[in-house]
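User: I am new to this structure. Please show me how to read its features.

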Amino acid sequence: MVVRSPHPIVKTQNLMTFQSLNLNASLLGMVERADYTAPTPIQSRTIPHILDGRDIVGCAQTGTGKTAAFVLPIIQMLESNPDKRSIRVLVLAPTRELAAQIDEEFDKFSQRSRLRHAVIFGGVGQQPQVDAIRRGVDILVATPGRLLDLMNQRIVRLKRIEFLVLDEADRMLDMGFIHDVKRIISTLPDKRQTLLFSATMPQAIQDLSRSILIKPVKVEVDPQSTTVDKVAQSVFFVERTDKRKLLKQVLADSTAERVLIFTRTKHRANNLSKQLSRARFPAEAIHGDKSQGARMRALANFKSGRAAILVATDIAARGLDIDAVTHVINFDLPDIPESYVHRIGRTARAGARGIAYSFCDVDERGLLKDIEKLIRQRIPVVSDHAYVSEFKAPPPSLPRRSEPRRSRRRRR
Ligand code: AMP
C-alpha cells in the first residue's frame, strides 16, 4: 500500500493585511519576523474590535490563529496605557500545554516591550511560579486549578485585571473546570474587557458568555467542516489484533515525517510508543499520567524531530500547537465523534493540508458511522492493504450514541 505524500502548504487567499488592522509599527515588525504574512480570518475579524474595547465571543478552533488574535491587540493596548506593574491580563486555558503555548505567543510578541508575563499550571512545583509572580507580571496565563490554589494562598491577586481571556471554553466545561472558572471570574473587577474563545458553543457556554460578557461582538470562523475538508482522510478496516502490524506497515511505507497517533487509553499510548520504539520507529507518548517534565520532554523531542511519532490520548493532545504534522493516525477511533474533528485538525493548521488515517475494528463501526454523520461525509476506505478484514459492510443498525461502549461490546 502506498501512502500519499503530504500536500504542500496551501497559502489561503486573504486580501487583508496586518497593516490594515491598526496594529502599531513595533508589533507589525514582530509579526513580520514571526513570518505571519497575512492575518488569518479570526485575526482580521477580531483584532479591530478588541482594539475598540469590545468584548468578543470567538467561535474558532485551535489552528485558526486565535491565540495571536488576542495576544497582539492586548499587548498593544497595555503598552498604549502604561500602568504600574500588576496583573492586568488573565488568560485561562484548560490544559498545561495550551497555557504554555499561549505564554510562548505572549513571549514572541512582547519582546520589544517592558511587559512581563508568566504561566502557571498544576503538576509541577509551585515555587518557581510563585517567584515569577512575586517579581511582578502584567500578563498571567493559567489553568484554573493552580490559579485557585495560588489565589487561596493570597499569592495571586486579581483586583487590577483589565482583560480576561477564556480560551477553549468548551474544553474547560468538558474537563469539569467550569465551577472553578466561575469562582475565579467572581473575584475580578466588573470593569474589564472579556474575550471568550470556544471551538463549539454548547448551551452552558452560551449561558456563561451571557453572564460575563457585555454586548460582545460574535465572530465565527472555520466551522468544523472547513477544517475537515482540508484533510485527506481514509479508513482502514482491520481486526483489532492486526492494528499494530498495519501501523508498522503504514509507517514503513509512507513518507510520513511527523505522525501523531491517537489511542483510546493512556495504557495503550504507553504500550504502543514502547513497541514502536523497539521496532525502530522512535516514538514518544504523551498522556495525563506523565509528569509535567516528561510531557514537556516528549513534546520537545517530537517538535525537534528527534521522535517522528507522538502517541497521545485525546485529553493530552488537546490544544497542542505542533506545526507541520504530516499524518494523524487514529489507532483507535474516539468515543466522542467531535474528538475526531479535533484530532484531524492537528494536521491542517494555518492553511496547511494534512492526511488522516483511521483504523476501524469490528467494534468501532458504530463510532465510524457517528463520525461520518457529524462531518457529513463518507470517509474513503483503503481496501488494498495487507490486513483487510472481512467486516467491511456497515453494521445493519447503529448502536445508540449515548449507550456506554462497554455494554455494546458485551452484547456482540
Ligand atoms: P493557534 O490557532 O493560535 O494555535 O495558531 C496555530 C498556528 O498558526 C501557530 O503555530 C501560530 O504560530 C500560527 N499562526 C498564527 N497566525 C498566523 C498567521 N497570520 N500566519 C501564519 N501562521 C500563523
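User: Which handedness does the crossing of helix 2 and helix 3 have?

Analyst: A crossing is left-handed if the near helix is turned anticlockwise from the far one by less than a right angle, and right-handed if clockwise. Helices are DSSP runs (H or I, at least four residues), numbered from the N terminus. In this predicted model, helix 2 and helix 3 cross right-handed. Local features need pLDDT of at least 70, side-chain atom pairs count only at pLDDT 80 or more, and totals for chains, interfaces and linings use all residues. Residues are numbered from 1 along each chain as its sequence is written, and side-chain values use heavy atoms, leaving out hydrogens and water.

User: At what angle do the axes of helix 2 and helix 3 cross?

Analyst: Axes are lines fitted to C-alpha atoms, for helices over the stretch in contact, and angles run from 0 to 180 degrees between N-to-C directions. Helix 2 (residues 41-51) and helix 3 (residues 66-80) cross at roughly 25°, their axes coming within 9 Å. Helix 2 and helix 3 are therefore roughly parallel (angles under 35 degrees).

User: Which residues touch the most other members of the largest nonpolar core?

Analyst: Such a core is a set of buried (under 20% relative accessible area, 1.4 Å probe, protein chains only) Ala, Val, Leu, Ile, Met, Phe, Trp, Tyr and Cys residues joined through side-chain atoms within 4.5 Å. Here F70, L72, I74, F106 and F109 do, out of 42 residues. Helix 3 supplies the largest share, nine residues.

Conventions. Helices (H or I, at least four residues) and strands (E, at least two) are DSSP runs, numbered from the N terminus. Angles under 35 degrees count as roughly parallel, over 145 as roughly antiparallel, 65 to 115 as roughly perpendicular and the rest as oblique. Buried means under 20% relative accessible area, exposed over 50%, partly exposed in between (1.4 Å probe, protein chains only).
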